[in-house]
Amino acid sequence: LFFLLCKRPHQGSSLSSSSAASDVYKRQHLHCDTLRDDLFQAMVVPRLKIQSADELMGWLETQNKALKERIQENAKAGNQTTKAVQKALDTGLVLGLDRSWLQ
């Protein structure tokens, strides 16, 4: 299941174009091995009873959207954003900024 998530991007997913196989920072991305390990350590699949890669992708996209909205609200409240946060907001991929969404 996790292998498919990184090796075969989900069609139409906003997250698929942002995955990479390296920790070296070149563009905003999620490191596949780190993502798999984070999901495994948080026991996301068994805890949420996820049955398919599509279901997992849907959950990841929902978490990304919720975190993005929270960060945008925080920025509107006058809190200054870093370059990394602004870049994440610009690309639409914010899951790598913190791990609160895994809970």
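K49 is exposed, at a relative accessible area of 61% (exposed is over 50%, buried under 20% and partly exposed in between, with a 1.4 Å probe and protein chains only). This residue sits in the loop between α3 and α4, and its phi, near 55 degrees, is positive even though K49 is not a glycine. M43 has a phi near 55 degrees too, again a positive value in a residue other than glycine, and it belongs to the loop between α2 (32–41) and α3 (44–48). Helices here are DSSP runs of H or I with at least four residues, and strands are runs of E with at least two, all numbered from the N terminus.

A word on the basis of these values. The model is predicted, so local features need pLDDT of at least 70 and side-chain atom pairs count only at pLDDT 80 or more, while totals for chains, interfaces and linings use all residues. Residues are numbered from 1 along each chain as its sequence is written, and side-chain values use heavy atoms, with hydrogens and water left out.

Next comes helix α4 itself. It runs over residues 53–76, and at 1.5 Å a residue its 24 residues should span 34 Å; the end C-alpha atoms are 34 Å apart, so the two agree (the expected span is 1.5 Å times one less than the number of residues). Its buried residues are L56, M57, W59, L60, Q63, N64, L67 and I71. An α-helix has 3.6 residues a turn, so residues three or four places apart point the same way. Just after α4, G78 takes a positive phi of about 100 degrees.

Q63, in α4, counts as buried at 19% relative accessibility. Setting aside neighbours within four places in sequence, Q63 is in contact with L95 and W101 (contact is heavy atoms within 4.5 Å). A66 also lies in α4, but is partly exposed, with a relative accessible area of 42%.

What about ring pairs? Searching the whole structure turns up one aromatic pair. W59 and W101 make up this pair, which is tilted, at 5.9 Å centre to centre and 50 degrees between the planes. Here rings of Phe, Tyr and Trp (its six-membered ring) pair if their centres lie within 6.5 Å; planes under 30 degrees apart are stacked, over 60 edge-to-face, and the rest tilted. W59 belongs to helix α4 and W101 to the segment after α5 (83–91), so the pair ties together parts 42 residues apart in sequence. Both W59 and W101 are buried.

W101 shows up again in the packing. Not counting residues up to four places away in sequence, W101 touches L35, L39, W59, L60, Q63, L67 and L95. The largest nonpolar core has 18 residues, and L39, W59, L60 and W101 touch the most other members. Elements giving two or more residues to this core are α2, α3, α4 and α5, and the largest share, six residues, comes from α4. Such a core is a set of buried Ala, Val, Leu, Ile, Met, Phe, Trp, Tyr and Cys residues joined through side-chain atoms within 4.5 Å.

On the charged side, the count comes to three salt bridges, each needing a side-chain nitrogen of Lys or Arg within 4 Å of a carboxyl oxygen of Asp or Glu. One joins D33 and R36 at 2.2 Å, N to O. These two are three residues apart in helix α2, and are therefore separated by about one helical turn; D33 counts as partly exposed at 45% relative accessibility.

Another salt bridge links R99 and D38 at 2.9 Å, N to O. R99 lies in the segment after α5 and D38 in helix α2, so this pair ties together parts 61 residues apart in sequence. R99 is partly exposed at 49% relative accessibility, whereas D38 is buried, with a relative accessible area of 15%.

D98 and R70 also meet in a salt bridge, at 3.6 Å, N to O. With D98 in the segment after α5 and R70 in helix α4, the pair ties together parts 28 residues apart in sequence. D98 is partly exposed at 30% relative accessibility, and R70 is partly exposed at 44%.
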